[in-house]
Amino acid sequence: MSVKGVRLSGKDILEKDFKTGMRGYNQEEVDEFLDIIIQDYDLLQQEINRLQAELDKLKKNNNHEQPTRVRAPQQPTQVNYDILKRLSNLEKAVFGKKFVDSAEN
């Protein structure tokens, strides 16, 4: 797999042959520099391939996930009047009738 728009590969760089002129560059220096470029190019291509594979895997896993569960609407809460009555009686017994009468007003 390669990146769209990239015109050169490591192999293209390696096989590129430059013509020499009378006052050209030192061919050994150019070759050494091109070797470094080829290594970097190959490393970048490997990283791109790894990231693309990871992306494909994540997309595949995302497509196979269960749809998120939606909570059922809660039922209206049932008021337990018996418990409320008991609580009221307990408040009267503990705090006295005055406290309960003032709380009701």
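1. Helices (H or I, at least four residues) and strands (E, at least two) are taken here as DSSP runs, numbered from the N terminus. By that rule the chain has 4 helices and 0 strands, and its elements run α-α-α-α from the N terminus on.

2. This is a predicted model, in which local features need pLDDT of at least 70 and side-chain atom pairs count only at pLDDT 80 or more, while totals for chains, interfaces and linings use all residues. Residues are numbered from 1 along each chain as its sequence is written, and side-chain values use heavy atoms, with hydrogens and water left out.

3. Of the 105 residues of the chain, 5% count as buried (buried is under 20% relative accessible area, exposed over 50%, partly exposed in between, with a 1.4 Å probe and protein chains only). The accessible surface is about 10,800 Å², and carbon and sulfur atoms hold 54% of that. Areas come from the Shrake-Rupley method with a 1.4 Å probe; for residues, only the protein chains shown count as cover.

4. A nonpolar surface patch is formed by Val 79, Tyr 81, Leu 84, Leu 87, Leu 90, Val 94 and Phe 95, with about 750 Å² of accessible area together. Patch members have over 30% relative accessible area and no salt bridge; nonpolar side chains (Val, Leu, Ile, Met, Phe, Trp, Tyr) are joined within 5 Å, like charges within 9 Å. Leu 90 is located in helix H3 (residues 81-95) and counts as exposed, at 52% relative accessibility.

5. The count of salt bridges is 3, each being a side-chain nitrogen of Lys or Arg within 4 Å of a carboxyl oxygen of Asp or Glu. In one of them, Arg 86 meets Asp 82 at 3.8 Å, N to O. These two residues are 4 apart in helix H3, so about one helical turn separates them. Arg 86 is exposed at 58% relative accessible area, whereas Asp 82 is partly exposed at 45%. Elsewhere, salt bridges with shared partners join Glu 47, Arg 50 and Glu 54 into one network.

6. Arg 50 is partly exposed at 43% relative accessibility, as are Glu 47 at 34% and Glu 54 at 39%.
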